[in-house]
Each structure stands twice: as structure tokens, then as C-alpha cells.
Amino acid sequence: MKRIFCLLLTLVCVLPVIAQKQQAIRPGEIWPDNDGHHIQAHGGGIIKLKNTWYWYGEERREGLDTNYRYVSCYSSTDLMNWKFNGDAIALAKPDSMLTGRWVLERPKVFYNATTKKFVMYMHLDGGIKGISHNKWAYDYARVGVAVSNKATGPFKFVRSFRPLEKESRDIGQFIDDDGSAYLVFECRPSGGFYIAKLSADFLNVEKEVSFIHLPLEGGAIVHYKGLYYAVGSALTGWSPNPNKVATAPSLAGPWSAFTDIAPPAAKTYGAQSTMFIKVTGKKDTTVIFMGDKWDPAKLWDSRYLWIPVEIGDGKLWLPEPKPWILDVRAGIWRYVGE
Ligand code: GAL
């Protein structure tokens with residue numbers, strides 16, 4: 001009797017965990033975390049430390065305290081199953097000059113191996129007191145920086161500024177193979193996006209490495225077999241558009257002309273570029289396009305479009321989204337059922 005009871009107890013405890021295990025990445029579908037809730041890490045950024053990836057993003061869960069803006073933190077060792085570690089920061093309005101409906105978007109975290117600090121960049125925006133009249137204004141156009149001793153937070157807000165003294169809206173992150181860290185930021189007045197190197201402590205944006213003169217946002221970069229690939233999205237807000245790619249032999253350029261990454265009519269399969277993840281395994285390297293399928297009316301229900309790309313020799317292409325399985329140790333992937 002006692003044995004049966006123990007067996008039943010084990011089953012009751014273990015079954016939900018098994019049921020929640022993700023066996024595949026399903027682009028565009030609900031992506032449950034370890035608690036069974038749809039992952040809330042929109043416009044996110046991912047870093048890898050030892051064998052663990054940390055995914056930070058906009059926490060858009062329903063019922064949040066509207067006095068704060070939240071960044072969530074998830075962790076995973078296989079990129080398919082994500083554990084929710086809570087919110088890494090709950091930020092109160094960081095500047096009394098901000099007015100209207102202020103936003104914290106596209107958070108990105110870098111780990112500085114020298115200072116052993118985690119440094120978060122975020123896009124802070126909204127109206128400016130005395131200047132903006134539109135409640136929905138994106139006039140502030142700054143980056144915020146927050147710091148933590150631990151990957152999961154809590155992050156402490158440090159300050160906000162305009163990188164290289166420029167207006168900055170969508171931000172992206174790129175960490176090169178040598179560990180150097182870059183912030184990608186879109187600048188409306190300049191008509192393009194900057195790739196800028198961070199200072200040694202990552203707390204500042206030190207110098208312009210490249211300026212890509214085309215009005216693109218959602219800037220994402222990957223280095224693959226000697227070429228840098230930069231992807232961006234046209235400026236159509238939450239609505240999808242055909243994202244494009246250019247390549248260069250060095251981050252400083254020269255950059256090629258931009259070409260489509262998917263059939264233009266598909267509008268990037270309804271998603272917008274956010275970043276690339278390069279998974280280098282024992283057998284091969286898989287490059288994942290990480291996009292957001294925004295639902296502006298229900299931001300918490302926005303989906304993720306993660307697709308392993310066809311990449312090489314200056315070409316980068318998104319195959320049609322289908323559920324797929326990743327083997328991070330081997331660095332290879334396959335479609336479900338193949
Ligand atoms: C998009 C941008 C998002 C968000 C949205 C607001 O273009 O990529 O991060 O800012 O506009 O309309």
C-alpha cells in the first residue's frame with residue numbers, strides 16, 4: 001500500500017513536468033515556459049554563460065502594475081525549454097521629464113567578464129514634458145543602462161543617455177567571437193542604424209564602428225564564416241514588412257546592398273527581426289533568426305518566430321516556418337517528423 005502511494009505521489013509530481021517539456025521550437029505558436037505560461041520576453045536578447053542561455057525581454061503579462069516597466073529573465077540549456085527566473089528589473093519612471101505613456105523596449109544584457117557585472121541596455125521612450133503633445137510620442141529616444149551582479153537580477157538602474165549624442169530607438173546587441181560587445185541602434189534623424197562599440201566596462205557606448213544608411217530598425221547581426229550579416233526591418237511600427245540583409249567582411253563595412261531574407265509578400269512570415277543566436281556544436285553551427293510577431297492589441301500574446309536560417313557565401317534566407325528540433329550539443333537541427 002505504502003509503495004503504491006509513493007508511486008502515485010511520484011507520478012503526480014513528475015507528470016506535469018514531463019507534460020511541460022518542450023520537444024520542439026514551434027515558430028509563431030504559444031511557447032510555454034516551465035510553469036506552462038507563454039514566455040514573456042518580447043523584443044528580447046540572449047546571452048550564453050557556460051552551458052546556459054539567458055533570455056531577457058519585455059515582460060508584457062496582463063495585470064502588471066502600470067507604474068513600472070518590466071524585463072523578464074528566462075534560462076535554458078537547450079534553447080527549447082525555458083525556466084522563468086522572475087523579472088530582472090521592475091523600473092519606475094526613470095526621469096521626471098518623461099510624460100505620456102512611457103515605454104521600456106527591447107532590453108539587451110551583456111556580461112562583462114572583467115567587472116563580473118551584467119549590464120542591461122534598454123530603449124526608453126515616451127513624450128518629453130513641455131515639448132510633446134501626443135500621448136503616444138516616441139520623442140525621448142534614449143537608452144537606459146542597469147547593472148546586476150547576477151544574471152537573473154535584480155538589476156539596478158544607473159542612468160539614461162543618447163548614445164554618441166544621437167536619438168536612439170530600437171536597439172540590438174552583437175557580441176563578436178572575440179567577446180567585444182556592440183550596441184546597434186536606430187537613429188531617425190541620421191536615417192539609418194549605428195553599430196557602436198561599448199566601453200571596456202560596457203557602461204557606455206564608446207565609438208561608432210559603422211553607420212548603415214538605410215531607414216531600418218530591429219537591427220540584428222551575426223558573424224558566420226568570415227562575413228558579417230546585418231538584418232533590419234523597415235520602419236512600419238508593429239506591422240510586419242519584408243526584412244532585409246546586407247553583408248560585410250568587417251563590422252566597419254563596406255556593407256553590400258540589402259536583399260530580402262524571405263519572399264517579400266510573406267512580410268518575414270509576420271515577424272520583425274530582433275537578433276541572431278549562433279549555436280556552435282560538435283558537428284555543425286546553426287544560426288537562428290529570432291523575430292517577434294507583435295500583437296499590439298494584446299502584447300502579452302505576441303509570438304516568437306525562431307527559424308534556423310540558410311546561411312553562407314553572402315546569402316541568408318529564412319525557410320518557411322515549421323516546427324523544428326535543435327540539438328545544441330551537436331549544433332544541428334531538423335524539422336519535426338523528418
Ligand atoms: C516597432 C519597434 C518596436 C516598438 C514598436 C512601437 O517598430 O520595433 O520595438 O517600438 O515599433 O510601435
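How many of the seven residues of strand β7 (residues 142-148) are buried? Six of them are, so the strand is largely enclosed by the rest of the structure; buried here means under 20% relative accessible area, exposed means over 50%, and partly exposed lies in between (1.4 Å probe, protein chains only). The model shown is predicted, so that local features need pLDDT of at least 70 and side-chain atom pairs count only at pLDDT 80 or more, while totals for chains, interfaces and linings use all residues. Residues are numbered from 1 along each chain as its sequence is written, and side-chain values use heavy atoms, with hydrogens and water left out.

View 1. Strands are DSSP runs (E, at least two residues) numbered from the N terminus, and two of them pair if DSSP finds at least two bridges between them. Strand β6 (residues 117-128) pairs with β7 in the antiparallel sense over seven bridges, and within this pairing F118 has S148 of β7 as its bridge partner. Strand β8 (residues 156-161) is joined to β7 by five bridges, again with the strands running antiparallel; here V145 has R159 of β8 as its bridge partner.

**View 2. The open sheet of β17, β18 and β19.** Three strands form this sheet in the order β17-β18-β19, with antiparallel pairing. Strands β17 (272-280) and β19 (303-308) stand at the edges with a single partner strand each, so one side of each is left without a neighbour in the sheet. Neighbouring strands are turned by 25° against each other on average, direction ignored, where the axes are lines fitted to C-alpha atoms and angles run from 0 to 180 degrees between N-to-C directions. Eight bridges join β17 to the antiparallel strand β18 (residues 285-293), and F289 in β18 is the bridge partner of F276.

View 3. A nonpolar core is a set of buried Ala, Val, Leu, Ile, Met, Phe, Trp, Tyr and Cys residues joined through side-chain atoms within 4.5 Å. The largest one has 24 residues, of which I46, W55, L79, W82, I277 and W306 touch the most other members. At least two residues of this core are supplied by each of β2 (52-58), β17, β18, β19 and β22 (324-327). With contact taken as heavy atoms within 4.5 Å, and not counting residues up to four places away in sequence, I277 touches I46, W53, L79, T286, V287, I288, M290 and W306. Apart from this core lies another, of 21 residues, among them Y56, C73, L124 and I128.

**View 4. Aromatic pairs, with W82 and W306.** Rings of Phe, Tyr and Trp (its six-membered ring) pair if their centres lie within 6.5 Å; planes under 30 degrees apart count as stacked, over 60 as edge-to-face and the rest as tilted. The structure holds 22 aromatic pairs. The ring centres of W82 and W306 are 6.3 Å apart and their planes stand at 85°, so the pair is edge-to-face. Because W82 lies in the loop between β3 (68-76) and β4 (83-92) and W306 in strand β19, the pair ties together parts that are 224 residues apart in sequence. W82 is buried, with a relative accessible area of 2%, and W306 is buried at 0%. Ring pairs link W31, W55, Y74, W82, F84, Y304 and W306 into a cluster.

**View 5. The buried arginine R106 in strand β5.** R106 is found in strand β5 (residues 98-112) and is buried, with a relative accessible area of 2%. A polar contact is a pair of N or O atoms within 3.5 Å; within protein, one must be able to donate a hydrogen and the other to accept it, and residues adjacent in sequence count only if both atoms are side-chain atoms. The side chain of R106 makes such a contact with the side chain of D170 (3.3 Å) and with that of T274 (3.5 Å). Not counting residues up to four places away in sequence, the residues that R106 touches include G43, E58, Y121, G218 and W294.

**View 6. S180 in the loop between β9 and β10.** S180 is found in the loop between β9 (171-175) and β10 (181-187), where S180 is buried with a relative accessible area of 12%. The side chains of S180 and Y182 are joined by a polar contact of 3.3 Å.

Terms used
Helices (H or I, at least four residues) and strands (E, at least two) are DSSP runs, numbered from the N terminus.
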